[in-house]
Amino acid sequence: MAKQLFVGYNERNTFLHRLSGSTKLIGFVSLSIIGMVTFDTRFLLGVLIFSIILFWKSQIKFSEISFIIKVIIGFAAFNLLLVYLFAPGYGISIYGTHHMIFGNPKHYFNLSTEELLYLFNVLLKYTFAVPLALIFLLTTEPSEFAASLNKVGISYKISYSVEIALRYIPNVQRDYRTISLAQQARGYEISKKANLITRAKGAIQIILPLIFTSLDRIEVVSQAMSLRRFGRHNKRTWYMARRFKSADYIALLMILIIVVVGIGLFKVNNGRFWNPFK
Amino acid sequence: MKKKDNNSVQVVVATGIGAAIIFVLMKFIAIPTGISDTQVNVAEGFLPLLAAIYGPVAAGLAMFIGHALNDFVTYGSPWWTWVIVDGLVGVAFGLFKRQLDIQSGSLSVAKLVLFNVYQVVVNFIGWVLLAPTGDVLIYHEPASKVYLQGITTWILNSASVAIIGTILLVLYAKTRTKRGSLKKEK
């Protein structure tokens, strides 16, 4: 069960695994930001196809990510339904024209090509970054991740916090399981069978010991780190840091080109939306 | 100077482990409500305690990192507007640290009431004003949908903080030695 819920690093030897973590971090963040802002269907489709090709190249097996894909499909479908139910005419108000499939714009429930295009854009926005995020998660070693955060300019203390978080998630998860089983053995119900209040009470009985043991752990770990003079200097070096190689520069150049194209499209489209109905 | 040094290490560790706890709580103990992407969030109830002990930086960053990691492994990519608002709520809770003064071991009812009023207001600003507005501006989602999600989240998060948060604060305060509890024998 633990394996299903947590996608993590797997060692392989592809060019994506060999790229430095900083390159992948910059790539993921810049592509997801430009994709978040733009509503150009062509651009989003392009990025999606690009990231699927990269994903295929990374040799990640489908079984590793099938669980997360199911969750994402469920999430996207449910959200699209809500977006449509709350504002069926939203596409019309964005694009300013109406090509009706059924109903007419005066009624609340109608369906237009504009709305379909808008919904398709939203779907693309939910999904286009997923292959990139998965590549990033599955091809970057957690320790290298902290080193690359530091390299892109985030203070090493914050990078270290992220590293501690990644390291301690499995521990906290194990503690949680042990405590949860112990409390269930004592009769606290937390499954779907119980009603909300019983479940809430059960949840409190689990999180109390979990949180208090973790507070002790914070104490112990910070004392150990103080003893080793953590935070003494303004900079630190990283054992896991990788030097930029030529492949990194090529990758960064490609990312730059994609971002520039995305920004250029704002100019061409006169705004964030690509409007084929004009 | 020495004391400050030690505190900053503690903040780093508290941020990391706090984020790990928030991640685990978000992932495993979430009670769904029926409205998409909104659930009774136990992690939100842990936030006041983290904020009261370690302050705004640790609470804000821990929530930001924990939420972003959770989004990462659940949905593939973080929903940045909500992740950022969650971090800001953590910072806001942390700013109340001095008023709450939990390390003194005395947590009066007045303090708790004041904190709860404060947290409801903070959650209102975060979830009803900031988060949905960000969604409309950045993600261009229909306003009615995101405001409904925002209002639901506001109510649920405030309730979670009011119940779980208050319980945790009271229990933690009990483990602290009260200031001035030792008296000189006459």
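**Domains of chain A.** I worked from a predicted model. I looked up the domain assignment of chain A and found domain 1 given as 1-6 + 22-141 + 248-278, with domain 2 given as 142-239. I then took the C-alpha centres of domain 1 and domain 2 of chain A, which lie 32 Å apart.

**Contact between the domains.** I noted that six residues of domain 1 of chain A are in contact with nine residues of domain 2 of chain A. On the domain 1 side, helix H3 (residues 21-37) of chain A gives the most, with three residues. I sorted the residues of that side of domain 1 by class and recorded three nonpolar, two polar and one charged.

**Contact between the chains.** I next turned to chain B and found 52 residues of chain A in contact with 46 residues of chain B. On the chain A side, two or more residues come from each of H3, helix H5 (62-86), helix H8 (129-139), helix H10 (156-185) and helix H11 (196-227) of chain A. H11(A) provides the largest share of this side, 14 residues.

I consulted UniProt, where an unreviewed entry lists residues 12-34, 46-67, 79-96, 108-131 and 151-173 of chain B under "transmembrane region". I checked two of these spans against the model. Residues 79-96 of chain B are 83% helix and 0% strand, and their end C-alpha atoms lie 27 Å apart. Residues 151-173 of chain B are 100% helix and 0% strand, with end C-alpha atoms 31 Å apart.

Key: Residues numbered from 1 in each chain as written. Chains lettered and ligands numbered in written order. Predicted model: local features only at pLDDT ≥ 70, side-chain atom pairs only at ≥ 80, totals over all residues. Domains from an automatic or database assignment. Contact = placed C-beta atoms within 7 Å. Helix = DSSP H or I, 4+ residues; strand = E, 2+ residues; numbered from the N terminus. Nonpolar A, V, L, I, M, F, W, Y, C, P; charged D, E, K, R; others polar. UniProt positions renumbered as here; feature names shortened; annotations may be inferred.
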